[in-house]
Amino acid sequence: MPLLLKGSCRCNAVRFEVESHTPVPFMLCYCSICRKQQGGGGFAINLGADFETLRIEGKRNLGVYQAGIEDDEHPQCEISSGERNFCKKCGSALWLYDRTWPELVHPFASAIDTDLPKPPEKVHLMLKYKANWVEPEIGKDDKIFDVCPEESIADWHKRTGMWVD
Ligand SMILES: [Zn+2]
Ligand SMILES: [Zn+2]
């Protein structure tokens, strides 16, 4: 059974549920889009989940932000392109959706109320674009990337034994 993730914005105008085989919050993105839209600590943590299981309450309160085209000043990591959904009332960032991978949705770990598994190791990506004041805490088994890793969220979960069947 995949893990059922329940999430909400801060003001509760939007609530959602989605099933995930890949619920470990291991991937920290330091790109400027994630940082400005959600990442007060200098990064955002993205999860992977199955889009077709996404159920939303309070859909009318959703705003969608489509980040601009890719260039060096405004980079997009592979999961940062596409549509960023947020609550129009309180501003909480909720999830990313990208039509390039229509079967997936990427909730922000920050929006999830369900307890998540703890990551045995982390991936820090888009470090080339981090703000100067951010000092990433790199654990001894963590992996770091200037831009994007080749390993997908699914492959990471399979390699580390964290995939939820
Ligand atoms: Zn809200
Ligand atoms: Zn990002």
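**Entry 1: Asn85.** I began with Asn85, which is found in strand β8. I am working on a predicted model, so I keep that in mind for every entry. Is Asn85 buried or exposed? Its relative accessibility is 6%, and that counts as buried because the cut-off is under 20%. Next I listed what Asn85 touches, leaving out residues up to four places away in sequence. I found Leu62, Gly63 and Val64, and also Ser92, Ala93, Leu94 and Trp95.

**Entry 2: the sheet around β8.** I then looked for the partners of β8. Strand β8 covers residues 83-87 and runs antiparallel to β7, with 5 bridges joining them. Within this part of the model, Gly63 stands opposite Phe86 in β8. Which order do the strands of the open sheet follow? I read the order as β5-β10-β9-β8-β7, 5 strands with antiparallel pairing. The edges are β5 (49-50) and β7 (62-66), and each of these pairs on one side only.

**Entry 3: the zinc ion.** Which residues are the protein donors of the zinc ion (ligand 1)? I found the SG atoms of Cys9, Cys11, Cys87 and Cys90, at 2.3 to 2.4 Å from the ion. Along the sequence the donor residues are spaced C-x1-C-x75-C-x2-C. I checked the geometry too: the 4 donor atoms subtend angles of 106 to 113 degrees, so the arrangement is tetrahedral. For my own reference, the ideal angle for four tetrahedral donors is 109.5 degrees. I also compared how two of the donors sit in the protein. Cys87 is buried at a relative accessible area of 1%, whereas Cys90 is partly exposed at 32%.

**Entry 4: β1, β2 and the turn between them.** Strand β1 (residues 3-8) pairs with β2 in the antiparallel sense, over 6 bridges. Leu5 stands opposite Val18 in β2. The hairpin has 6 residues between its strands, and Asn12 has its place in that loop. Asn12 counts as partly exposed, at 40% relative accessibility.

Entry 5: In soluble globular proteins, nonpolar side chains tend to be buried together. I looked for such groups here. The largest nonpolar core has 18 residues, and the members that touch the most others are Phe26, Cys29, Cys31, Leu125 and Met126. Which elements each supply at least two residues of this core? I wrote down β3 (27-29), α1 (32-37), β9 (93-97), β11 (123-125) and α2 (153-159). There is a second, separate core of 17 residues, including Leu5, Phe16, Leu54 and Leu94.

Entry 6: I went back to Met126, found in the loop between β11 and β12 (143-144). Met126 is buried at 1% relative accessibility. Its phi is near 60 degrees, again positive in a residue other than glycine. His124 lies in strand β11 and is also buried, with 1% relative accessibility. Leaving aside neighbours within four places in sequence, I found His124 in contact with Leu28, Tyr30, Pro136, Glu137, Ile138, Asp142, Lys143, Ile144 and Phe145.

**Entry 7: Asp98.** My last stop was Asp98, in the loop between β9 and β10 (104-107). Is Asp98 buried or exposed? A relative accessible area of 8% makes Asp98 buried. What does its side chain do? The side chain of Asp98 makes a polar contact with the side chain of Thr100, at 2.6 Å. I also took one distance across the model: the C-alpha atoms of Asp98 and Cys11 are separated by 25 Å, and these residues are 87 residues apart along the chain.

Definitions and conventions
Residues are numbered from 1 along each chain as its sequence is written. Chains are lettered from A and ligands numbered from 1 in the order in which they are written. This is a predicted model: local features need pLDDT of at least 70, side-chain atom pairs count only at pLDDT 80 or more; totals for chains, interfaces and linings use all residues. Side-chain values use heavy atoms; hydrogens and water are left out. A nonpolar core is a set of buried Ala, Val, Leu, Ile, Met, Phe, Trp, Tyr and Cys residues joined through side-chain atoms within 4.5 Å. Buried means under 20% relative accessible area, exposed over 50%, partly exposed in between (1.4 Å probe, protein chains only). Helices (H or I, at least four residues) and strands (E, at least two) are DSSP runs, numbered from the N terminus. Donors are N, O and S atoms within 2.8 Å of the metal (3.2 Å for Na, K and Ca); water is not among the atoms, so sites may look incomplete. Four donors count as tetrahedral if all angles lie between 85 and 135 degrees; four count as square planar and six as octahedral if opposite donors are over 155 degrees apart and all others between 65 and 115; anything else is irregular. Contact means heavy atoms within 4.5 Å. Two strands pair if DSSP finds at least two bridges between them. A polar contact is a pair of N or O atoms within 3.5 Å; within protein, one must be able to donate a hydrogen and the other to accept it, and residues adjacent in sequence count only if both atoms are side-chain atoms.
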